[in-house]
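Let's walk through this structure together, one feature at a time. Keep the sequence at hand as you turn the view.

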Amino acid sequence: MENNQQEKDARKQALDDWLPITSSRNAKWWYSAFHNVTAMVGAGVLSLPYAMAELGWGPGVVVLILSWIITLYTLWQMVEMHEMVPGKRFDRYHELGQHAFGEKLGLWIVVPQQVIVEVGVDIAYMITGGKSLQKFHNTVCPSCKPIKTTYFIMIFASCHFVLSHLPNFNSIAGVSFAAATMSLTYSTIAWTASVQKGVQPDVQYTYTASTTAGRVFNFFSALGDVAFAYAGHNVVLEIQATIPSTPEKPSKRPMWKGVIFAYIVVALCYFPVALIGYWMFGNSVADNILITLEKPRWLIAAANLFVVIHVIGSYQIYAMPVFDMLETLLVKKLKFTPCFSLRLITRTLYVAFTMFIGILIPFFGSLLGFLGGLVFAPTTYFLPCIMWLAIYKPKRFSLSWFTNWICIILGVILMILAPIGALRQIILQAKTFKVFS
């Protein structure tokens with residue numbers, strides 16, 4: 001009996017040593033910092049001025065600030081809950097969900113949402129990377145023969161057929177650092193170039209839609225765009241799992257240090273881009289502010305290239321937990337032997353799948369508002385609060401109880417309203433691409 005248990009423990013340890021989330025636990029606090037920056041400050045930051053145009057000055061500023069505060073609070077909760085049980089670490093989001101809601105219910109609540117977020121982000125970044133490469137090509141060589149977006153998506157995907165075979169989070173630290181640096185760089189370019197261009201002579205801050213219904217739907221969709229910009233929670237436990245931990249030096253200390261640094265960078269990226277971009281261009285700003293900024297040509301070309309480098313890192317950050325889920329399923333449930341060939345086939349097929357969907361649905365970016373409300377809002381804004389209430393059971397009407405319920409109510413409102421507005425945008429975009437004709 002004892003031998004059987006030892007064999008099970010040995011097999012479990014061998015699997016943990018192979019899986020990408022748990023195979024390396026020697027990360028430093030700055031790994032947490034740039035992994036979180038890479039996960040959060042995605043290409044969605046470039047759409048924030050457009051979201052401001054649909055929200056308006058007052059509501060837009062309130063939504064941006066509230067989102068920053070609420071998501072920082074829920075991120076703190078997840079960092080704290082990572083090692084709430086002595087001697088045990090919740091290395092994956094679904095493991096924490098299982099502890100809060102039960103073995104089966106926790107899986108059903110967390111896994112579908114987390115998979116939709118991570119796969120959806122990877123598809124969106126596949127398209128963003130391809131379009132940014134195309135914008136770089138067109139800016140550098142405006143007289144060259146136009147090349148279809150499809151080919152640029154394939155070019156962007158080609159690097160992931162190589163990078164996706166890096167074994168774990170710590171092995172992509174260099175890629176993530178480069179991506180985090182690029183996110184701060186292109187965000188700075190976006191708002192400084194906007195300042196240089198100045199307030200446009202015909203700038204208007206009115207809503208773009210001519211009807212009340214249109215303005216309402218656009219407002220709801222913009223809420224989803226903001227929610228998409230704060231999506232880093234879906235990989236935070238997996239990032240923390242890479243940090244060593246002892247009773248004397250728990251992982252939450254370096255992790256939280258990295259999170260604070262990351263959120264300072266988030267503020268430095270989000271607020272100047274959103275507010276200055278809207279201030280300079282008003283409601284004429286494009287859904288990607290780099291499209292609005294056409295000059296100086298060399299600077300905009302560089303910014304688009306920086307976006308490409310950043311989304312390469314972001315893609316890998318969101319893909320790693322998906323690889324972990326797939327490899328766990330194949331080994332534990334389907335009894336495959338953990339080996340390089342299994343990893344090679346699984347990860348290659350995943351990259352090919354996200355590339356294919358990106359090529360098939362080039363307007364997938366329009367789904368971000370829909371996804372932002374439907375699954376990004378729960379996993380980021382209020383699911384951590386529900387787990388906190390279920391596990392810690394704070395006294396009714398205490399500060400903790402009150403704060404969590406405020407976050408839950410605001411998050412549920414966001415989850416309901418954002419998909420409604422985004423659905424209209426998706427239908428309009430689909431008609432433009434003749435999906436329904």
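The paragraphs below go from the pocket to a helix, then to the aromatic rings and the cysteines.

This is a predicted model, in which local features need pLDDT of at least 70 and side-chain atom pairs count only at pLDDT 80 or more, while totals for chains, interfaces and linings use all residues. Residues are numbered from 1 along each chain as its sequence is written, and side-chain values use heavy atoms, with hydrogens and water left out.

Start with the largest pocket, which has 38 lining residues; Lys88, Arg92, His94, Glu95 and Gln98 lie nearest its centre. Two or more lining residues come from each of helices H1 (2-18), H4 (57-81), H5 (93-101), H6 (103-140) and H13 (297-333). H13 gives the most, with 7 residues. (Helices are DSSP runs of H or I with at least four residues, numbered from the N terminus.) A pocket here is an open set of points on a 1 Å grid over the protein atoms alone, where a 1.4 Å probe fits, with protein on both sides within 12 Å along at least five of seven lines; lining residues have an atom within 4 Å of a point.

Next, look along helix H14 (residues 340-360). Among the buried residues of H14 are Leu342, Thr346, Tyr350 and Thr354. Buried means under 20% relative accessible area, exposed over 50%, and partly exposed in between, with a 1.4 Å probe and protein chains only.

Now for the rings: the structure holds 17 aromatic pairs. Tyrosine 230 and tyrosine 270 make an edge-to-face pair, 5.2 Å centre to centre with 75° between the planes. Tyrosine 230 sits in the loop between H9 (212-229) and H10 (236-240) and tyrosine 270 in H11 (residues 252-281), so the pair ties together parts 40 residues apart in sequence. Both tyrosine 230 and tyrosine 270 are buried. Rings of Phe, Tyr and Trp (its six-membered ring) pair if their centres lie within 6.5 Å; planes under 30 degrees apart count as stacked, over 60 as edge-to-face and the rest as tilted.

Finally, cysteine 141 and cysteine 144 form a disulfide, with sulfur atoms 1.6 Å apart; the cut-off for such a pair is within 2.5 Å. Cysteine 144 is partly exposed, at 30% relative accessible area. Cysteine 385, in contrast, is in no disulfide, and the nearest cysteine sulfur, that of cysteine 407, is 4.2 Å away.
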